[in-house]
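Hi,

Here is the structure I said I would pass on. Have a look at it first, and my notes follow below.

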Amino acid sequence: MNETFNINRFWLLVRRQWAENKKAYFLLWGMISFALIILALISQNSDVYLAYSLLFSFGGCYLTKTFFSRWTDFGRSSFFILLPASGTEKFLCALFYGILLYIPLYILNYFFCTYIVTYGILYFICLFFPNNLESFSSQIMSCFHTFAAIPFSFYLVVFILTFFLLQSLCMIIMIRFKKNQILIFLISLMAFLVLDQIVLRVVTLNMVTFPCARIFPPGFILTFFPGDFSYMRSLSSFGADLERFTFLNPVRSLNGIIWILVYILFYISAWSRIKEREL
Amino acid sequence: MVTIKDLTFWYSKKHLIFDQLDLHLESGHIYGLLGKNGAGKTTLLKLICGLSFPKSGNISIDGKIPGKREPGFLTDIFFVSEEISLPSMTPVKFADIYEGFYPSFDIDQYWGYLEKFEVDAKKKFPAMSTGQKKKSMVAFALAANTRYLFLDEPTNVLDIPSKAAFRTMLANWFTEEKTIILSTHMVRDLESMIDTAVILENRKIIMNKSVDQNLETLFNAAISIPETTLIPSEH
């Protein structure tokens, strides 16, 4: 018997996870769809990428939570731990739902909600104001063009890296701690972001010449997104407009690689914690 | 064969649960793991199953280390905990989802056990009483036909007819290749089943011997309960 990975056992786990959590998944899908529609309506006038990113990432965290948050329920967790499947299979099953299924489904849902539903509603509104009516198809096409026009590196930093940070951190905490997992997760996340800001500050002070970098109050640069070295904001003077600074491509790539390595370490740590989880 | 050597375990270093504990359990027996509340019966079962890891010492079942939780080992054991928590589904769906994990699972046996326990297989678990949930889990555990069955306080929420049904089922299920370890403090419920008593007291096994006399008397004598404090037996 292959003790590490067996495809049959893996599919049994996938099936089991769906059977036990499908209501929670449909609920999550409904909540994300609702939020996407609201965001799409709001974003007619402003950028809400941060909100999209957080929705995307916290949705992924919720999926992780459905896997590993029942440690205080001894009956349930003992049955899960002693289920004849390896720790690797259980971990991969969590990634299957949390990454492989979730990311494509979220993107499809995003397109569906944002560009079909919202613009469908707007179309009906425009019927009452025919002078402002663009053709429906051109509206949809322009939205797809907007999506495609943004460089992939933006999605990588804003969405993918943020998602992996939150999900891997969430996974470790859900596995490691029995109680108050959500609170610990939020505190850890805040600590992580503060640390990130300090590191960013040190790095920026040493790597680029900001004419007024030293007047940044701590935490003023709300870049939030891990590894967002692409665009640093600074005040040329108090009350003035924000300026943007760009790092060189190799620095940005190196930064992205470092963050990806950090996430891989987080995931490996989560995987090893499953095997060592005691009740 | 379960072998435990020099097992030391604690949840908090100030309070040792086991100190250099040794135990050897052969196949083909129904062991009664007895002890007062807090003696460590559940903890010992958790260690044997691989739910907890020894601080020092070794545990092995047929040469395999439970703490590794290898699938090949896990298909050979089934642990029914005292607290039963089941997902929101019917026993029919439950069996459909989980039977694939246990190669020797027998679905006909499962229906038979549920019928004997008078559990409605089409009723969802959350709508069942604690006793019915426990019976469903015991039915699944027996139908899984694992070589090792660990039952933690299996009778504590069962009514009298269900206890009788449980004893009959367990007796019919048991074969020479199998090993059952029952942890209980309700000695009278299971004394007819148990062939070997393992008594835990003061972080050690103080007795591991075949039962050739009244189990309750044996237990009380082993843990030194004065006769005067005992309530007369119902038998």
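Let me start with a helix pair in chain B of this predicted model: helix H4 (residues 107-116) and helix H5 (residues 130-143) of chain B pack with their axes 8 Å apart, at an angle of about 150°. Angles over 145 degrees count as roughly antiparallel, and H4(B) and H5(B) are therefore roughly antiparallel to each other. Their crossing is right-handed.

If you want to click through the contact itself, H4(B) contributes Gln109(B), Tyr110(B), Tyr113(B) and Leu114(B). On the H5(B) side, the partners are Ser136(B), Ala139(B), Phe140(B), Leu142(B) and Ala143(B). By residue type, this contact has seven nonpolar residues, two polar ones and no charged ones.

Staying in chain B, what about helix H1 (residues 41-49): how many of its nine residues are buried? Eight of the nine are, so H1(B) is largely enclosed by the rest of the structure. The buried set is made up of Lys41(B), Thr42(B), Leu44(B), Leu45(B), Lys46(B), Leu47(B), Ile48(B) and Cys49(B). You'll notice that two lysines, Lys41(B) and Lys46(B), are among them.

Now over to chain A. It has eight helices and two strands, and along the sequence the order reads α-α-α-α-α-α-α-β-β-α. Of the 279 residues in chain A, 25% are buried. As for how the chain folds back on itself, take the contacts in chain A with a separation of 6 or more: 72% of them are between residues 24 or more positions apart.

Last, the interface. Between the two chains, 23 residues of chain A are in contact with 25 residues of chain B. Which elements of chain A give two or more residues to the side that touches chain B? They are helix H1 (7-42) and helix H3 (74-81) of chain A. H1(A) gives the most, with six residues. By type, the chain A side splits into ten nonpolar, four polar and nine charged residues.

Cheers

Terms used
Residues numbered from 1 in each chain as written. Chains lettered and ligands numbered in written order. Predicted model: local features only at pLDDT ≥ 70, side-chain atom pairs only at ≥ 80, totals over all residues. Contact = placed C-beta atoms within 7 Å. Helix = DSSP H or I, 4+ residues; strand = E, 2+ residues; numbered from the N terminus. Nonpolar A, V, L, I, M, F, W, Y, C, P; charged D, E, K, R; others polar. Buried ≥ 20, exposed ≤ 12 C-beta atoms within 10 Å, placed from the backbone. Axes fitted to C-alpha atoms, helices over the stretch in contact; angles between N-to-C directions. Parallel < 35°, antiparallel > 145°, perpendicular 65-115°, else oblique. Left-handed = near helix turned anticlockwise from the far one by under 90°.
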